[in-house]
Amino acid sequence: MGVKPRVLVVDDEVGVRRALERGLAAEGMEVVTAADGPTALRVALTGAFDVVLLDIMLPGLSGYRVLQRMRADGVRTPVLMVSAKDGEIDQADGLDLGADGYLVKPFSFVVLVAQVRALLRRGGGARRRLTLGKLVVDRGLREVRWDGQDVSLSPREYAVLDVLASRAGSVVTKDELLRAVWGDEQAATRNAVEVYVGYLRRKLEAVGAGEVVRTIRGHGYIASTSDLDSALGNK
């Protein structure tokens, strides 16, 4: 089974969030939701999404400002703006700020899915940099830095961190890590996952990044920060 596309849905209406979460999950996507602008920004700045569905009218910070900050910080995630406003000026504003598409409420779910899939096809290089606080994973160069300092990892340790960081704030099970990092290697077991997560943790701890990768007992592992945990309601 391939890696599911990861979509951030941002809307202040709980009914809309739930409907989109259910619908997109049924289409084979992993969905994370946010209800206000500041939360959306904190989550989106990780760069750990393939597409962001971003409502314009949000509490705390408008969708325009969220998009503006994302682009200013170098986050290239494709963004589909969603708005109850139907006007050329509104669409132009969003596109000028770096949006990749625009959808007016009420919209057809079929049309939304088609637009999301189009952005997924076009956005191949969107997740080149993953950011978790001071930790940066440069996927193009396959390099890891903590507060500007290089973190030396073996290829396998890097692969484990890459999988966890690409799903920042979400739990990744041992079986998911095993499939993603070891693939079809028959000799690999869940024990190998535990061993390499341990290796990775020790190297992160050595540079002061020991809190980034955590064990969620009975479930798996998570790469996160206190700020991201707060935004997503993680415990």
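How are helices H6 and H8 oriented to each other? In this predicted model, the axes of H6 (residues 155-166) and H8 lie 9 Å apart and form an angle of about 90°. Because angles of 65 to 115 degrees count as roughly perpendicular, H6 and H8 are described as roughly perpendicular to each other. On the H6 side, the contact is made by Arg156, Glu157, Val160 and Leu161, while H8 contributes Tyr196, Val197, Tyr199, Leu200 and Lys203. By class, the residues of this contact comprise 6 nonpolar, no polar and 3 charged.

Helix H8 (residues 190-206) also packs against helix H7 (residues 174-182), with axes that come within 9 Å and cross at roughly 85°. H7 and H8 are therefore roughly perpendicular to each other. From H7, the residues that meet H8 are Lys174, Asp175, Leu177, Leu178 and Trp182; their counterparts in H8 are Arg190, Ala192, Val193, Glu194, Tyr196 and Val197. The contact of H7 with H8 divides into 7 nonpolar, no polar and 4 charged residues.

At the level of the whole chain, the protein is divided into domain 1 (6-128) and domain 2 (133-232). The centres of the two domains, taken over C-alpha atoms, are separated by 26 Å. Their contact involves 11 residues from domain 1 and 15 residues from domain 2.

Both domains take part in the second largest pocket, whose lining draws at least three residues from each of domain 1 and domain 2. The volume of this pocket is about 210 Å³. Its lining consists of Leu41, Arg42, Leu45, Thr46, Asp73, Arg129, Thr131, Leu132, Gly133, Thr225, Asp227 and Leu228. At least two lining residues are supplied by each of helix H2 (37-44), strand E6 (129-132) and helix H9 (226-232), and the largest share, 3 residues, comes from E6. In composition, the pocket lining has 4 nonpolar, 4 polar and 4 charged residues.

Rolling a probe the size of a water molecule over the atoms shows where empty space is left. Across the whole structure, 1 cavity of 30 Å³ or more is found. The largest cavity has a volume of about 50 Å³ and is lined by Val9, Val10, Asp11, Val16, Leu20, Leu53, Leu54, Asp55, Val82, Phe107 and Leu112. Strand E1 (6-10), helix H1 (14-26) and strand E3 (51-55) are the elements that give two or more residues to this lining; E3 provides the largest share, 3 residues. The lining of the largest cavity divides into 9 nonpolar, no polar and 2 charged residues.

Several backbone features were identified in loops. Most residues other than glycine have a negative phi, and most peptide bonds are trans. The peptide bond from Lys105 to Pro106, however, is cis, with omega near -10°. Pro106 is located in the loop between strand E5 (101-104) and helix H5 (109-122). Arg142 has a positive phi, near 55°, and occupies the loop between strand E7 (135-138) and strand E8 (143-146). A positive phi of about 55° is likewise found for Asp147, which is not a glycine. Asp147 belongs to the loop between E8 and strand E9 (149-150).

Technical notes
Residues are numbered from 1 along each chain as its sequence is written. This is a predicted model: local features need pLDDT of at least 70, side-chain atom pairs count only at pLDDT 80 or more; totals for chains, interfaces and linings use all residues. Side-chain values use heavy atoms; hydrogens and water are left out. On a 1 Å grid over the protein atoms alone, a cavity is a set of points where a 1.4 Å probe fits but cannot get out, and a pocket is an open set with protein on both sides within 12 Å along at least five of seven lines; lining residues have an atom within 4 Å of a point. Grid points are joined across faces, edges and corners, and a volume is the space filled by probe spheres set on the points. Helices (H or I, at least four residues) and strands (E, at least two) are DSSP runs, numbered from the N terminus. Ala, Val, Leu, Ile, Met, Phe, Trp, Tyr, Cys and Pro count as nonpolar, Asp, Glu, Lys and Arg as charged, and the others, Gly among them, as polar. Domain bounds come from an automatic or database domain assignment. Axes are lines fitted to C-alpha atoms, for helices over the stretch in contact, and angles run from 0 to 180 degrees between N-to-C directions. Angles under 35 degrees count as roughly parallel, over 145 as roughly antiparallel, 65 to 115 as roughly perpendicular and the rest as oblique. Contact means heavy atoms within 4.5 Å.
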